Amino acid sequence: MKTSIATVSISGNLREKLEAIAAAGFDGIEIFEQDFIADEGSPRDVGRMVRDHGLEIVLFQPFRDFEGLPEPLRAKAFDRAERKFDVMQELGTDLALFCSSCHPEALGGVDRAAADFHTLGERAAARGLRVGYEALAWGRHVNDHRDAWEIVRRADHPNIGLILDSFHTLGRKLSPESIRAIPGDRIFFVQLADAPAIEMDLLYWSRHFRNMPGEGDLAVTDFVRAIMATGYAGPISLEIFNDQFRGGNTKAIARDGYRSLMAVMDATRRAEPSLGIDLPAFPPPIRAEGVAFIEFATRGDEATELSALLTTLGFTHAARHRNKAVSLWQQGDIRIVLNEETEGYAASAWAARGTTVCDIGLQVASAADTITRASALGAELFSQPIGPGELQIPAIRGLSGSLLHFLDEGSGLERVWEVEFEAVEPAGTGTGLTRIDHLAQTMSYDNMLSWTLFYGTLFDIAKSPMVDVIDPDGLVRSQAVATPDGALRITLNGADSHRTLAGRFLSETFGAPLQHMALETADIFATADALAERGFESLPMSANYYADLAARFSLDPAVLERLKASNILYDADADGELFQIYSRAFAGGLFFEILQRKNGYKGYGAPNAPFRIAAQKRLTRAKGMPSA
Ligand SMILES: O=C(O)c1ccc(O)c(O)c1
Ligand SMILES: [Mg+2]
């Protein structure tokens with residue numbers, strides 16, 4: 001399978017785009033005319049430059065407003081096409097995209113358009129070129145792939161074929177099933193794009209909001225299945241018009257594209273194995289079984305402060321590393337590693353950000369499969385020298401330089417805690433915390449799609465609808481991903497203002513670090529008492545908050561008093577109830593959450609977030625810390 005991406009999909013000048021596209025692993029590009037015109041090189045130079053990057057120009061696009069014009073406009077359109085054919089020959093590409101006309105004077109009629117394309121086919125054939133016809137969803141007379149196909153069929157010329165674009169079909173809610181009846185060799189090119197389900201004008205939606213397959217809500221896999229069922233064997237290309245991507249990090253967006261394309265083709269072959277898709281074998285989306293450990297890079301006073309906080313939370317210093325300044329704190333199935341090494345990745349993370357989560361360990365069905373799938377999707381593997389007797393734990397780079405290690409059961413990796421560590425204190429019952437319920441990552445809003453795609457393509461994990469969280473100083477958007485059984489849940493919080501709590505945390509760190517983790521208890525009231533006994537300081541909530549709870553829910557007054565006395569936050573949804581306690585912030589904005597889900601409550605307490613954030617900001621100001 002030949003992979004490609006339209007140059008319009010990413011930011012930068014043509015040279016920067018080519019470098020990023022080649023590095024991400026694509027075979028070819030659709031050269032967007034403007035990208036090439038803006039370059040100072042001649043068409044020959046540009047063609048050579050593309051090939052020097054190991055890339056092929058698989059399509060020249062777009063040619064607009066060709067078919068159905070009355071004379072003299074018609075003759076002019078043919079002349080214009082000849083000029084572009086000249087350019088294509090110099091560039092070294094044989095296929096042009098002609099999109100359906102939006103010209104105010106274009107006339108309708110399938111036969112008229114077919115006749116124009118037949119004539120164009122003759123002209124193209126004389127130069128050994130081909131033309132593909134694409135129905136724009138907002139074309140004046142042709143806006144449905146079935147009509148474009150009828151025109152191509154009647155044009156009846158071997159150098160005239162069809163171009164299909166998932167956006168134009170799915171965006172207009174047309175079923176892709178009709179594509180299955182088209183002969184595969186009459187389809188000259190396939191473009192893929194996804195988009196979020198928002199009601200708006202088609203053209204505006206297409207030009208500004210398209211995103212990578214898997215990042216939006218369109219059924220791109222169904223579209224690809226229909227295409228592949230025709231026997232189509234040409235390139236599969238991404239054509240993404242997106243304002244954020246145009247201003248984003250060129251290399252990162254190109255990598256997202258590659259990851260997305262591999263994942264959608266993999267999903268297609270698994271949905272319909274008989275299609276025989278030409279793609280190297282790699283494992284299906286990985287079953288994630290939970291968080292195996294969270295590792296902090298920390299030193300000095302901050303390490304002392306964090307250890308004290310873990311003690312009041314009921315953790316014990318369970319073990320210490322045999323060769324390194326690394327300690328393991330444990331309670332139930334929760335493992336928190338404090339790394340005070342002065343060399344290696346933890347040391348670099350500490351140097352850059354101070355106390356921070358430098359590594360996330362995930363428990364997966366197979367660590368080896370995880371690494372294989374991640375590499376097939378374009379991830380960078382990570383390793384560093386290991387000491388005598390230590391295990392080489394499979395790891396990859398996440399986005400923004402983050403790090404993920406993978407543990408599993410049965411390959412020997414599960415023995416890491418005995419092999420590399422020696423016991424210090426036996427684990428007690430603690431405060432009743434059993435496991436990590438979810439991790440909350442904070443990032444700039446622009447990185448949310450990338451992270452959603454990252455987790456969504458590697459794991460068998462689904463995204464829930466985005467929610468808006470109101471911070472007194474701006475909006476934070478929150479997107480959760482969760483495995484079907486809830487074993488792994490991650491919330492991705494995107495800040496677009498530095499004045500929000502999330503934004504400030506981000507501006508003082510960088511990348512997409514973990515800002516908080518939520519620890520589960522089966523009995524919030526018993527845990528609240530045990531925490532109080534240990535001197536844990538919870539985040540104080542206002543009396544107004546509890547008055548509002550009394551108004552919104554029919555809570556027993558005694559329960560309400562109990563909530564208030566222990567600063568427990570409450571929410572309920574159609575399924576069940578949620579109880580939350582927050583820690584105070586430490587080390588520049590990190591914090592812990594303790595929660596109990598009752599009767600299958602599925603959310604994350606979003607209605608409580610504005611009050612929790614306001615309480616955190618109140619404390620920050622009271623401590624005289626800069627409050628933005
Ligand atoms: O928005 C456009 O004009 C446009 C151009 C070329 C395409 O392939 C397309 O899907 C849209
Ligand atoms: Mg298109």
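Let's start with ligand 1: around it sit Q61, P62, L97, C99, E134, L136, D165, Q191, S206, R207 and E239, where being near means that a residue's C-beta atom, placed from the backbone, lies within 6 Å of the molecule. At least two residues of this shell come from each of β3 (56-63), β4 (95-99) and α8 (202-209); helices (H or I, at least four residues) and strands (E, at least two) are DSSP runs, numbered from the N terminus. By class, the shell has four nonpolar, three polar and four charged residues. Here Ala, Val, Leu, Ile, Met, Phe, Trp, Tyr, Cys and Pro count as nonpolar, Asp, Glu, Lys and Arg as charged, and the others, Gly among them, as polar.

A word on the model: it is predicted, with local features needing pLDDT of at least 70 and side-chain atom pairs counting only at pLDDT 80 or more, while totals for chains, interfaces and linings use all residues. Residues are numbered from 1 along each chain as its sequence is written, and chains are lettered from A and ligands numbered from 1 in the order in which they are written.

The protein splits into domain 1 (3-275), domain 2 (288-423) and domain 3 (433-622), with bounds from an automatic or database domain assignment. Eleven residues of domain 1 are in contact with seven of domain 3, contact meaning C-beta atoms, placed from the backbone, within 7 Å. On the domain 1 side, helix α11 (residues 250-271) gives the most, five residues.

Now for strand β12 (residues 334-339), where six of six residues are buried, that is, 20 or more other C-beta atoms lie within 10 Å of a residue's own, with C-beta atoms placed from the backbone. I334, I336 and L338 point one way, R335, V337 and N339 the other. Its pairings, each needing at least two DSSP bridges, look like this:

| Strand paired with β12 | Sense | Bridges | Bridge partners |
|---|---|---|---|
| β9 (residues 288-297) | parallel | four | A297 and N339 |
| β11 (residues 326-331) | antiparallel | six | L328 and V337 |

β11 and β12 also form a hairpin with two residues between them, and G332 in the turn has a positive phi of about 55°.

Which residues does UniProt list for "binding site"? The unreviewed entry gives H438, H516 and E593; such annotations may be inferred rather than shown by experiment. They span 156 residues in sequence, yet no two of their C-alpha atoms are more than 9.4 Å apart, so they gather at one spot. H438 is found in strand β18 (residues 433-444) and H516 in β23 (residues 514-521). Leaving aside neighbours within four places in sequence, H516 is in contact with residues including A440 and E593.

Key:
Contact = placed C-beta atoms within 7 Å. Buried ≥ 20, exposed ≤ 12 C-beta atoms within 10 Å, placed from the backbone.
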